[in-house]
Structures are given as structure tokens and as C-alpha cells.
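Work through the exercises below with the sequence and the model open. Each task is followed by a stepwise solution.

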Amino acid sequence: ANAGVAWMYGCSSINCSILGIGERTGNCPLEAMAIEYASLRGTTDGMDLTAITEMADYMEREIGLEISPRQPFVGRHFNVTRAGIHADGLLKDEEIYNIFDTGAILNRPAGVTVSSTSGAAGIAYWINSHYRLTGDDMVSKRDPLVTEIKTWVDEQYASGRQTVISTTELEKLIVTFKKEID
């Protein structure tokens, strides 16, 4: 906020950190300032904000940096919901839950983590986004595959599970239940 106000009142540049590294010195993250700039100006002035996601991916993959899951714009939990009601909104019209097109802006579409509160909508959204299904290929929350997975998920939490369902687990479930349904 301080850096944004400084820009508004004539400051020509801001010292930044990358992904919050060095933030204890008072430097705000570069990725946050790029978004702040675009929101204040109403334009990116040629900046490619998808580079923020690429930068984070590079830092994790090549440098081995462990980015906090809650780090704004780049953490793995950014723009991810566990709530079935939000997933249902995403299935119906993404703007209901996600007022910004984060897929276009950051190459980070909204996501869903499957848990005890995701419901069938969360599972359907996860499948569609994970496998990049579109149009007629998309599964609905009433699809038999989704129903089978939801039954399994519900059983897990009824038995005392506390953790979210992992990507690996969901991929295996899809293979297993798809064979049974087909």
C-alpha cells in the first residue's frame, strides 16, 4: 500500500524483492507491484504478467526455492478453494467466484482442492481443470465418474481422514473408476 501511494504522489520507482525474498528489509514483492501498477493505471503498459508465474516456476524448479503456499499470486494455494459452493460457482460461471481472469492475467486459472467440503462440484471442477477439458468433453457434477469419486471421498472423511485428497490419489481414482464405469 505504501509503495502504491508513493507512486500516486510522484515517486518514480520502487525497490522490490522477488517472491518476497528480502521482504524483511521493507521491499515489497515485484510481482505484487506489477499487479498494483496494472490496477492503478488500468493497463499493463506492455508488461506480460504471465511472466510472474513463469518466474515462480523457474525459482522452484531450477533454484529449489520453496515458495510459501499462501504467497500472493504465486503460492500453490493462490486462487484455490476447497468449498463446494465456490466450485459450483466456478462450474456455472467463473466470474461468480473469480472476478479476475487469473488464467489470462497470470496463466493461473482458479483451482479446487478436493476435501470433505468440495462436494461433487469440486470434484467435477478439479477433473475439468486438471485434464483441461472443455466444451462437450467436460464432466458435470452428476457424471457417474464424479459420483463414484465423491462416494470414495466421503468414505475417507467418515473414517476420520483430515488431509486433502492429493493429485496422485485423484488421478489413480479416475483410472480405477473409469475402468469400472466403462
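**Exercise 1: the pocket lining**

Helix α7 supplies five residues to the lining of the largest pocket, the largest share. The model is predicted: local features need pLDDT of at least 70, side-chain atom pairs count only at pLDDT 80 or more, and totals for chains, interfaces and linings use all residues. Residues are numbered from 1 along each chain as its sequence is written, and side-chain values use heavy atoms, with hydrogens and water left out.

Task: state which residues lie nearest the centre of the largest pocket, and which elements supply its lining.

Step 1. The lining has 28 residues, and Pro109, Ala110, Gly111, Ser129 and His130 lie nearest the centre.
Step 2. At least two lining residues come from each of α4, β4 (111-112), α7 and α9.
Step 3. The volume of this pocket is about 1,100 Å³.

**Exercise 2: confidence**

Task: find where confidence is lowest and where it is highest.

Step 1. Mean pLDDT (confidence per residue, from 0 to 100) is 88 for the protein chain, with 97% of residues at 70 or more.
Step 2. The lowest mean, 72, belongs to helix α4 (residues 84-92), and the highest, 95, to helix α8 (residues 144-158).

**Exercise 3: helix α9**

Task: check the span of α9 (residues 167-181) and locate its buried residues.

Step 1. At 1.5 Å a residue, its 15 residues should span 21 Å, and the end C-alpha atoms are 21 Å apart, which agrees.
Step 2. Leu170, Leu173, Ile174 and Phe177 of α9 are buried (under 20% relative accessible area; exposed is over 50%, 1.4 Å probe, protein chains only).
Step 3. The buried residues of α9 fall within an arc of 105° seen down the axis, so they line one face of the helix.
Step 4. Lys172 and Lys179, on the other side of α9, are exposed.
Step 5. The cover over the buried residues of α9 includes α7 (119-130) and α8.

Technical notes: pLDDT is the predictor's confidence in each residue, from 0 to 100. Helices (H or I, at least four residues) and strands (E, at least two) are DSSP runs, numbered from the N terminus. The expected span of a helix is 1.5 Å times one less than its number of residues. The arc is that of the directions from the helix axis to the C-beta atoms. Contact means heavy atoms within 4.5 Å. On a 1 Å grid over the protein atoms alone, a cavity is a set of points where a 1.4 Å probe fits but cannot get out, and a pocket is an open set with protein on both sides within 12 Å along at least five of seven lines; lining residues have an atom within 4 Å of a point. Grid points are joined across faces, edges and corners, and a volume is the space filled by probe spheres set on the points.
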